[in-house]
Amino acid sequence: MLTLASKLKREDGLKGSRTSAAASDSTRRVSVRDRLLVKEVAELEANLPYEGYYQGGKFQFETEVPDAYNMVPPKVKCLTRIWHPNITETGEICLSLLREHSIDGTGWAPTRTLKDVVWGLNSLFTDLLNFDDPLNIEAAEHHLRDKEDFRNKVGDYIKHYAR
């Protein structure tokens with residue numbers, strides 16, 4: 001994200017040299033998006049609360065912000081291997097606010113920000129941990145069968161993949 005700030009500075013220096021109106025509109029749109037992202041990332045630097053099964057793990061997420069942001073949601077993938085009912089071992093994430101259209105009305109809206117995405121991801125590790133409507137069915141069934149063994153497997157994944 002640090003590269004966004006330097007990109008904005010470069011673009012500000014090039015503003016006067018642009019001649020094409022189409023290029024100017026495109027640059028202005030990307031510039032607004034980049035400015036939103038820089039602002040949102042700056043707001044995310046505060047520490048997030050952390051508790052529950054996944055305490056002590058460090059999980060990396062890849063966020064792809066499309067050109068049409070904030071009209072469409074960012075695409076997010078978990079890069080850290082994890083044993084979780086709402087995140088597959090390959091990184092797909094089940095979080096309603098990441099859906100462009102959601103049946104329950106909690107999907108993406110232009111009023112949402114990356115801060116909402118981070119808080120939503122954080123909630124998947126605490127209060128939104130959902131064993132009743134899982135993406136990773138095997139993990140959810142494991143929790144229903146043996147909660148202590150589930151906790152141990154989560155701990156093993158954290159030791160091996162999330163340090």
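Predicted model: local features only at pLDDT ≥ 70, side-chain atom pairs only at ≥ 80, totals over all residues.
When neighbours within four places in sequence are set aside, the residues in contact with Tyr157 are Arg81, Ile82, Trp83, Glu89 and Ala162.

A further relation concerns His84. Tyr157 and His84 are separated by 73 residues in sequence, while their C-alpha atoms lie 10.0 Å apart in space.

## Packing of helix 4 and helix 5

On the side of helix 4, the contact is formed by Ala139, His142, His143 and Arg145. Helix 5 contributes Lys147, Asp149, Phe150 and Lys153. Sorted by class, this contact contains four charged, two polar and two nonpolar residues.

## Cys94 and the annotated active site

The UniProt record, an unreviewed entry, assigns the feature "active site" to Cys94. In the model, Cys94 belongs to the loop between strand 2 (75–78) and helix 3.

Not counting residues up to four places away in sequence, Cys94 touches Asn86, Arg99, Leu124 and Leu135. One of these, Leu124, is a buried residue of helix 3.

## Helix 3

Helix 3 covers residues 114–124. Its buried residues are Leu114, Val117, Gly120, Leu121, Asn122, Ser123 and Leu124. An α-helix has 3.6 residues a turn, so residues three or four places apart point the same way. Among the buried positions of helix 3 are Leu114, Val117 and Leu121.

At the start of helix 3, a side-chain oxygen of Thr113 comes to within 3.2 Å of the backbone nitrogen of Lys115.

## Overall organisation

The chain contains five helices and two strands. Along the sequence, these elements follow the pattern α-α-β-β-α-α-α.

Among contacts in the chain with a separation of 6 or more, 63% are between residues 24 or more positions apart.

Key: Residues numbered from 1 in each chain as written. Heavy atoms only, no water. Contact = heavy atoms within 4.5 Å. Helix = DSSP H or I, 4+ residues; strand = E, 2+ residues; numbered from the N terminus. Nonpolar A, V, L, I, M, F, W, Y, C, P; charged D, E, K, R; others polar. Buried < 20%, exposed > 50% of the residue type's maximum accessible area, 1.4 Å probe, protein only. Polar contact = N/O pair within 3.5 Å; in protein donor to acceptor, adjacent residues only side chain to side chain. UniProt positions renumbered as here; feature names shortened; annotations may be inferred.
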